Amino acid sequence: MPEIHIARRRAVRERIAALGTDAALITSGVNVRYLTGLVSSNAALLLPADGPAVLATDSRYAGTAARDCADVELVIERFIEPVLVRLAIDRGNRRIAFEAREMTVERHQLLASLDDGLALLPLGGVVEKLRMVKDQAEIELLARACAITCEAFAAAVGWLAPGVTEREFAVALDRAMIDAGAEAMAFDTIVASGPNGAIPHHAPGDRELAAGDLVTVDCGARFGGYHADMTRTVAIGEPAGWQREIYGTVAAAQAASVRAARPGADVGAVDATGRDLIEEAGYGGNFSHGLGHGVGLEIHEAPIIGYDRTGTLTDRVPITIEPGIYLPGAGGVRIEDTLVVRAGAGAEGSAQLLTTFTKELLVL
């Protein structure tokens, strides 16, 4: 997709010029991939406001870079950041923007020591903001990751039964995602049963599922570099009244929040849509994390949808919506979908759900 990468780099160049810098040093591996297509554990991109883009990587990735990134100048070197900064200086670029969120103090000090006239200035989240809005090819990859996730969950959910451990089910689900076409897991699968369901990011352990448990499963496949994210909570045996109550509350909050996720919506207002419903039901103190987040080449990316966040949603921004209620010592419920904010025929637009497995309470 060289044309896409060229267009993305052009958009970054415009912002580099607006910052008053000569070039940007892109060191985040995800951002390098977004701007060049190269997947590498050791790569950086020098992007001048005016002049050729230079991609540096080491000999392990030389063949891949030559094949996939023919539209940029290549440098093959083990120590990629100093060589790119020296090259920038040699070409008259002394005001260089860097990715402060990613670069360590030690690496920054090394680069700053290369030349007394060098000015290193924070780039800010320039590339991350561009990554928020996905093109159609990205949305198709994300949709495939979500379809794999749903297919695998449907194939594995029958394993949830008394006597099966959390870890055993997590392994079975991971295997099902690979069998369905995932290149890897989007993140470590969460399986939280019974009282462990009160821990939002519980690591699956040796606890055996038992009748009367609610079981929360948070999972996702990765496909083409794009990450799916879905959570479902199921009941092992007939649920108690309190379990149905909190499930119904979370389901209502999740559905209302999905409806609120439209172009122009304030992220804080979307969060409040679900959070207020949970608060009104008397469980406000049992929902402490944000309502959702952006998703794409990373499992958590901009925008963050939370009560202390600012910003607005726009067309073609994939996000998650994941309210929950967590009752210490008893259990919990979380329901999560990946969706794409879409400008629809109406003035408000709508959400395109990518994770479509049923959200009815399954009783197994």
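**A helix, its neighbour and a pocket**

In this predicted model, helix H2 is followed by Gly37, a residue whose phi is positive, near 95 degrees. In general, an α-helix has 3.6 residues a turn, so residues three or four places apart point the same way.

The next step is to ask what packs against this helix. Two packed helices are described by the angle between their axes and the distance between the axes. Helix H1, residues 2-19, packs with H2 at an angle of about 115 degrees, and the two axes lie 7 Å apart. On the H1 side, the contact is made by His5, Arg8, Arg9 and Val12, while H2 contributes Arg33, Tyr34, Leu35 and Thr36. Sorted by class, this contact comprises three nonpolar, two polar and three charged residues.

Attention now turns to the largest pocket, which has a volume of about 330 Å³. Of the 15 residues that line this pocket, Arg101, Glu128, Arg131, Glu298 and Ala302 are the closest to its centre. Two or more lining residues are given by each of two elements, helix H6 (126-132) and strand E14 (301-305). The largest share, four residues, comes from H6. By class, the lining of the largest pocket has eight charged, four polar and three nonpolar residues.

Methods: Residues are numbered from 1 along each chain as its sequence is written. This is a predicted model: local features need pLDDT of at least 70, side-chain atom pairs count only at pLDDT 80 or more; totals for chains, interfaces and linings use all residues. Side-chain values use heavy atoms; hydrogens and water are left out. Axes are lines fitted to C-alpha atoms, for helices over the stretch in contact, and angles run from 0 to 180 degrees between N-to-C directions. Contact means heavy atoms within 4.5 Å. Ala, Val, Leu, Ile, Met, Phe, Trp, Tyr, Cys and Pro count as nonpolar, Asp, Glu, Lys and Arg as charged, and the others, Gly among them, as polar. On a 1 Å grid over the protein atoms alone, a cavity is a set of points where a 1.4 Å probe fits but cannot get out, and a pocket is an open set with protein on both sides within 12 Å along at least five of seven lines; lining residues have an atom within 4 Å of a point. Grid points are joined across faces, edges and corners, and a volume is the space filled by probe spheres set on the points.
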